[in-house]
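Q: I have a model on screen and want to learn to read it. Where do we start?

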Amino acid sequence: MKALISNDDGVHATGIFAAKQAIEDLGDITVVAPEIQQSGIGHALTLFEPLRINKTKLRDGSPGYAVTGTPTDAVTMGLFEIMDEKPDIMISGINTGFNIGKSELTTSGTIGAAIEAASFGIPTIAISQAVTRDDVKFENGEVDIDFTFAKKMLRKLVEHVLEKGMPEGCDLLNLNIPSNPVDEEFEVVGLGNRMYMPSVQTRLDPRGKPYYWILGDLCEFSEKGTDGNSLVHEHKTTLTPIKIDQTGDKEILKKWLED
């Protein structure tokens, strides 16, 4: 088994090392990730400046590759420059903080990396873990988070994918780990509407000119059967099948044009 692991938190993040630990005895693991924190950058690709690949050492002394670009750049470099053949599986994560909902999912660099790999037909898992402390979400490098349960669930899912392949009609699996799980089962759920309700904070610089921070308040996740509700309120490990094809109903569009 050959696996590619990437993320959006940076090559030295605690979560990506945890993902490597979860499956490293299954085969050859290649870790290629952004050199620095790239959360919220989505599926962005660097086109107008050069990229560099810097070989580095992970905390166990094994090699990793730091790419001076986005998570999508890192996956591209992993697939077409570093690895000598297509991997059997790709893992994006373990992200610090969950990735749920229809809206914010497209801004996630974790999902962006996963989409890039999945677009080449590679079985792909994006994995994120809920955290109770906001101060650790966007840190570079090592953070004090216990990923033990996340590693166990990731290992279980990877083994299932390697044995059975991806489910029909699914390009990637979005796995979210609660901060206080109630069991070791996967709760299959759909995407909720939003993860955060945006807010804009205005401040003044020393010259009195305004500048802005985009922030957000966590949604209530009241809709049963969705990722947010199951993860936050029921403390379930959620698993959502994701399709890259966003094509809507063509017949409805044809009828709309004719009316």
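A: With polar contacts. A polar contact is a pair of N or O atoms within 3.5 Å, where one must be able to donate a hydrogen and the other to accept it. Keep in mind that this is a predicted model.

Q: Which backbone oxygen lies 2.7 Å from a polar atom of the side chain of S6?
A: That of V32.

Q: Where is S6 found?
A: S6 belongs to strand β1, residues 2-6.

Q: Is S6 buried or exposed?
A: Buried means under 20% relative accessible area. S6 has 0%, so S6 is buried.

Q: What does S6 touch, leaving out residues up to four places away in sequence?
A: Its contacts include I16, V32, A33 and P34. P71, A74, V75, M90, I91, S92 and G93 are also among them.

Q: How are two packed helices described?
A: By the angle between their axes and the distance between the axes. Here, take helix α1 (residues 14-23) and helix α4 (residues 148-164). They pack at about 50°, with axes 9 Å apart. The two helices are therefore oblique to each other.

Q: What is the handedness of the crossing of α1 and α4?
A: Right-handed.

Q: Which residues make the contact?
A: From α1, they are A18, A19, Q21, A22 and I23. From α4, they are K151, L154, R155 and V158.

Q: What is the make-up of the contact of α1 with α4 by class?
A: Six residues are nonpolar, one is polar and two are charged.

Technical notes: Residues numbered from 1 in each chain as written. Predicted model: local features only at pLDDT ≥ 70, side-chain atom pairs only at ≥ 80, totals over all residues. Heavy atoms only, no water. Axes fitted to C-alpha atoms, helices over the stretch in contact; angles between N-to-C directions. Helix = DSSP H or I, 4+ residues; strand = E, 2+ residues; numbered from the N terminus. Parallel < 35°, antiparallel > 145°, perpendicular 65-115°, else oblique. Left-handed = near helix turned anticlockwise from the far one by under 90°. Contact = heavy atoms within 4.5 Å. Nonpolar A, V, L, I, M, F, W, Y, C, P; charged D, E, K, R; others polar. Buried < 20%, exposed > 50% of the residue type's maximum accessible area, 1.4 Å probe, protein only.
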